[in-house]
Amino acid sequence: MVSAPIVQVSDLASHEGETVTVRGWLYNRTDKGKLQFLLVRDGTGIVQCVAFKGDLPEDVFDAARAITQESSLTVTGTVRADKRAPGFPGGYEIGVTDLQIIQKAEEYPIQPKEHGIDFLLDHRHLWVRSSRPWAVMRVRATVIKAIRDWLDDHGYLLVDTPIITPSAGEETTSLFKVDYFGDTAYLAQTGQLYNEANIASFGKVYCFGPTFRAELSKTRRHLTEFWMVEPEMAFFSLEDLMDMEEEFVTAIVKAALERNRPELELLGRDVSRLEVVEPPFPRISYDEALEMLAEIREQTDDPEQKRLLELEWGKDFGSPHETAIASRFEKPVFVYHYPTEAKAFYMQPVDGRPEVCRSVDLLAPEGYGEITGGSERIYDIALLEERVASLGLPREAYEWYLDLRRFGSVPHAGFGLGVERTVAWICGLEHIREAIPYPRTIKRVYP
RNA sequence: UCCUCGGUAGCUCAAUUGGCAGAGCAAUCGGCUGUUAACCGAUGGGUUGCAGGUUCGAGUCCUGCCCGAGGAGCCA
C-alpha cells in the first residue's frame, strides 16, 4: 500500500506529475480488457483513472476490474495531463498504481443515459450524485451565497422570521395547517409582516428561509416548499426598490457566471443570455404591459395563443402573459403599478389613482416568469385599518401589524425573490423541481 | 380542483385488425491497450399499475379505481 497525499479532483491540475490519492465513488467505467478506464467522482469533480494490467500487481488490476458503478473506493496514482481525459473539469487523468474498494455497490439503478422524470424523482437520493443535479446544486449554493453576501455588504441585517405562525398572512387555503398543542398554527408563506416590524429596529433587513404554499399548483414553476429571500427597507420608495433589485439580481447572475461557468457549460446553458444582465432593467407599467399583450395577440395567428393571452384589466398575469411580455426583452423586466384588487391588502395605492398600487414584479427572460414580487407598503394607520376591514380580514390577528403604524410609521418597501425560480433561470432548467435538492410538489413528498 | 396524455423486464421503449410478450441499455460470463452513454459474442431477467367484465383467445376492447406527467387557474 503506497501512502500518498489525499487531494481533491478539483485540485489535480496543481499536482501534475505527483502521486496522489483520491477518495470517492465510481461514476462510470469502460472495460477494454487489459485497460480499465474508471471515472471517479469525489464531490469536487470527476477524474478518469486509467488502470493497465501490465503496470499493476494482479490483485490491484482485478480489483479495478471488479468494481461496480457507484462503489466507494480510494485510488492512488500519478497525475498526468491528457487532452483525451474526460471528466469534470477534465484534461487530467490518474495512472492507477493502487486501488481499494471501500464498499462494492449493488446493481445501481441510474445509468448514464436517459431516464423518465418519475423514476429519477423516486431515486432523488441517488440522482443527486449525477452530474446535472450536482452542477445545479453548486450553482444554487453560489446563488444563495451571492444573495447573502450582497445584502450583508450593503447594510442589510439578516433577521430571522418564524416558520410556525399564528394567523393567516393572506389566504388560508394556501397555508399548511399545523396542530400546535391543540391550537391551529400555519407554516409561514412569507416573513414580510415580521420584516416590517424589524425595519423599525434595523432599517434595512432581510429574512431568508424555506416557505410553504399549500396551493394545488401543478406547473413547472411551482413547489409547495421553496426558499425565498425577503428584503424590507425603511424609507424606500418603489423607485428605490427597483434600483436596488436590479443591482441585487445582477450581482447574483454575475456570481454564477464567475464561479460556475464550467457547471453552466455542463448544463448546456447559453451563458450569453446571462451576460447581458446589467442595470438598468426595462420598466413598464401594468397598463403598458396590457397594451403590449394586445399587440402580441394581434401579431399571432395561433388561436390558442390568442385565447391564452386574453386578459381583462384588473386581473393578474398568468404564466402565458408573463412569458409573452418577458420575451420582448433581453433582460429581466419590471412591471409596476398592478391593479390594487389583484394584489395584497398592504400595498400602497398610487396617489390620485387608487385602483392601482405601488407594486412591482420582476419577470425573468426566457419564460422563467416572476422571480421577484414586491411593493411599497401602506404606512398610514387609517388607510391600513380601512383595507383590513373592507377585505374582511380578522382584525385581532393584525393588531400587532397595525401597531407598526402607530409607533413611528415610515414609508417602506420590500420584495421577495424565489431562489428556485432564480436558479432555474440561471441554469436554464426545464422545471423548477431540479433547482432544489429534494423537491416537494403537490404529488411528491418522497424521498 | 379542472383539461389532456401516460403506466409492458432494473431503465428507455416496441408489440399490425383482439392471435406465440420483444429490442437496446443495465446485470452476469467471455474477448479487446485509449475508451468518452465504447465495441463484439453469450446468459439470466415478465402477475403487461390494480380489480372486474366481454371473448375460443385481452398488453390491446369495456367499467371502476390507483399512480404519474404536461398544461390551466393561483402564485415566488
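Gly155, whose phi is positive at near 85°, follows helix α4, where helices (H or I, at least four residues) and strands (E, at least two) are DSSP runs numbered from the N terminus. The helix α4 itself covers residues 131–153, and its 23 residues reach 33 Å from the first C-alpha to the last, close to the 33 Å expected at 1.5 Å a residue, the expected span being 1.5 Å times one less than the number of residues.

This is a predicted model, in which local features need pLDDT of at least 70 and side-chain atom pairs count only at pLDDT 80 or more, while totals for chains, interfaces and linings use all residues. Residues are numbered from 1 along each chain as its sequence is written, chains are lettered from A and ligands numbered from 1 in the order in which they are written, and side-chain values use heavy atoms, with hydrogens and water left out.

Turning to RNA strand B, 51 residues surround it, the closest being Phe52, Gln111, Arg220, Leu223 and Arg421, where a residue is near a strand if one of its heavy atoms lies within 4 Å of it. Sugar and phosphate make up 43% of the atoms of RNA strand B that come within 4 Å of the protein. Among the secondary-structure elements, β18 (369–377) is one of those supplying at least two residues of this surface, and β18 gives the most, with 4 residues.

Polar contacts (pairs of N or O atoms within 3.5 Å) include a base nitrogen of RNA strand B at 2.8 Å from a side-chain N or O atom of Lys113.

How values were computed: Polar contact = N/O pair within 3.5 Å; in protein donor to acceptor, adjacent residues only side chain to side chain.
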